[in-house]
Amino acid sequence: MWSFILRRILLMVPTLMVVSVISFAIIEAPPGDFMDAYVNQLLQQQEAVDPAEIESLRKRYGLDAPTYVRYFRWLGNILQGNLGRSLEWNQPVGKLIADRLPWSMAISVASFLLAYALAIPIGLYSATRQYSIGDYLFTLIGFVGLATPNFLLALLILWYYFVATGNVAVGLFSDEYLVAPWSFAKFIDLLKHLWLPALVVGTAGTAGLIRVMRANLLDELERPYVMVARSKGLSEGKLLVKYPFRIAMNPVASTIGWTLPTLVNGELLASLVLGLPTIAPLFVGALLNQDMFLAGSVVMILSTLTLVGTLLSDIVLAWLDPRIRGAI
Amino acid sequence: MSQTPLLLSVDNLATHFFSQEGILEAVDGVSFDIHAGEALGIAGESGCGKSVTAQSILRIVPKNGKIVTGAINLFQNGDSVDLVQLDDRGQQIRQIRGGEIAMVFQEPMAAFSMVYTIGNQITEVIRLHQECSQNEARERAVEMLRRVGMPQPEQTIDAYPFALSGGMRQRAMIAMALSCHPALLIADEPTTAVDVTIQAQVLELMKDLQRDMGMALIVITHDLAVISELCDRVMIMYLGKDVESAPADVIFRDPKHPYTVGLLRSVPELGEGHTQELDPISGSVPSPYRRPTGCPFHPRCPEFIPDVCDVDLPPQIELAGGHRVRCHLYVQD
């Protein structure tokens, strides 16, 4: 098992190299650079533009060097832990991301846990009581959840929350905790605010997972080994958890990998609507302004998260199914 | 014939499946007795209801199937219990499953879960039915694996099923079924999924174990050779009905029902020195959703009597020597 994990971690290194090239290419793809965007901005504000100054700025940020030079310079800096400076915010990229990544992660993890905590028992129920009223009800709710756009759900909940309590459920903290140092009370306050974005971001995933869980389990329940287990005298509950459930978890576990980055994407609209200080709005702004160091770093970090997620799901899969352990 | 006490008595069992296409009468009025230590073979083409009969005894019929009539009495220590009346999820039937009546399934590849070692799956059934520690259960499992001829049982017990060969898996399956010393072992096509060379070994093994452990055996198969190898009595099924039953030597020597006659004629024989003309039964098994009126075999029967066979279901006729047949040819007025 340990050698399996080690091999998988080593395999991540070349993958990350390729990812870095692609990230860089994506940032470079649109014509022009940050200076062009900056000049446009100045022109729009009807300010004087001094071409010489722009050129010197370009030189200072190294924007005049050939692409490959800039790539290696960028990569070298990243390897030393220096993500560069955001041209737009005029702050270190590392700091910008560090300020926001924890909130993105908190929302991702919370909605992920919410999705699994809801989807697995509901899927289990739906499969073992196929075509019951409960099954139909969950199926209906699931499809509605799948079809409702995140932002609409966010708006609806915001409105309902306001009508019901008179408060606006925006942000991750109440005002009094916003700048307060960390304490248990602040953590509780965070949890009180976190459920809303977690719910908004996690709904679609939950609905999808319920379908996956239900379908897998229905397949597995028909397998001969279930009848064999029954013929041994096992009780239905024990049998269900030990045999078909464990196999039905395989595809669910393999979704962990792509759940992490999907949640970051799904978070964007919810974050905009709910006014959350997360990565997604920052990323969109960076792309719009061609703030390449920031955008590139975010792409790199999301890709790394994807790889880590994939690794996690592979480890869970290997733990669930001995056939996979020897395969890679 | 009945020197030993009666162990299991199936009386007019009918198990039907209810689906959108209609009602499938998989088993429709089957009766047989089995005595302690006796070996009964149930033979017939696929779809004749052999496996469903076995599943009905253990009450593990798939969820859209239901036992509609009949009784299955299990006799033990002077007491009898009708398995049909038990709650199929209840404590009582679960103690019988795996403990008193165990089953060997057709495909060892699909019958074992691939995510647990065979040791895990064997000790599970031991600990379910016997008071013992994990270590004792493991020792008993190793002992049982040794008994079924598993090489290096101490190591093999920790193997996953997918790492074993087909023959080894079937041995492990038999070990699992026998690990609680059941009074009755039901083997559903025990040799269908293994190679011919392994088949002989598995049959030999089952014969030895049955004799040594003094248990009763029901062998379900479409292969008459398996029956002649293992069984004292034979029951032939066709479309959910028990068409004929007799001691094994009688049925091979003197089959009465035209279906049995046809079945025996369509078995190829080896080593005759010349190519042998096979004599298959004409036609094919009708759709189970539209079973023929009267005798279910009449559309294919060479001895078909018009206005009799297609109208009335033949009664079960008792012939001499425990030979029973369900055919109008033997009705005496």
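Helix 1 (residues 50-58) of chain B lies across strand 1 (6-19), strand 2 and strand 4 of chain B, and its direction makes about 70° with strand 2 of chain B. Here helices (H or I, at least four residues) and strands (E, at least two) are DSSP runs numbered from the N terminus, while axes are lines fitted to C-alpha atoms, for helices over the stretch in contact, with angles running from 0 to 180 degrees between N-to-C directions. The model is a predicted one, in which local features need pLDDT of at least 70 and side-chain atom pairs count only at pLDDT 80 or more, whereas totals for chains, interfaces and linings use all residues. Residues are numbered from 1 along each chain as its sequence is written, and chains are lettered from A in the order in which they are written.

The sheet of chain B is open, with 4 strands in the order 2-1-4-5 and antiparallel pairing, where two strands pair if DSSP finds at least two bridges between them. Its edge strands, each pairing on one side only, are strand 2 (22-35) and strand 5 (79-82) of chain B, and neighbouring strands are turned by 10° against each other on average, direction ignored. Strand 4 (residues 65-76) of chain B is joined to strand 5 of chain B by 4 bridges, and B:Q76 has B:D79 in strand 5 as its bridge partner.

Between the chains, 23 residues of chain B are in contact with 19 residues of chain A, contact meaning that C-beta atoms, placed from the backbone, lie within 7 Å. Helix 4 of chain B gives the largest share of the chain B side, 4 residues.

In chain A, the axes of helix 13 (residues 279-288) and helix 14 (residues 292-320) come within 8 Å and cross at roughly 135°. Helix 13 of chain A is therefore oblique to helix 14 of chain A, since angles under 35 degrees count as roughly parallel, over 145 as roughly antiparallel, 65 to 115 as roughly perpendicular and the rest as oblique. The residues that meet are listed below by helix.

| Helix of chain A | Residues in the contact |
|---|---|
| Helix 13 | A:I279, A:F283, A:A286, A:L287 |
| Helix 14 | A:L294, A:A295, A:V298 |

A:I256 lies in helix 12 (residues 256-274) of chain A and touches A:G309, A:L312, A:S313 and A:V316, not counting residues up to four places away in sequence. A:I256 is partly exposed, because 19 other C-beta atoms lie within 10 Å, the classes being buried at 20 or more, exposed at 12 or fewer, and partly exposed in between.

How values were computed
Contact = placed C-beta atoms within 7 Å.
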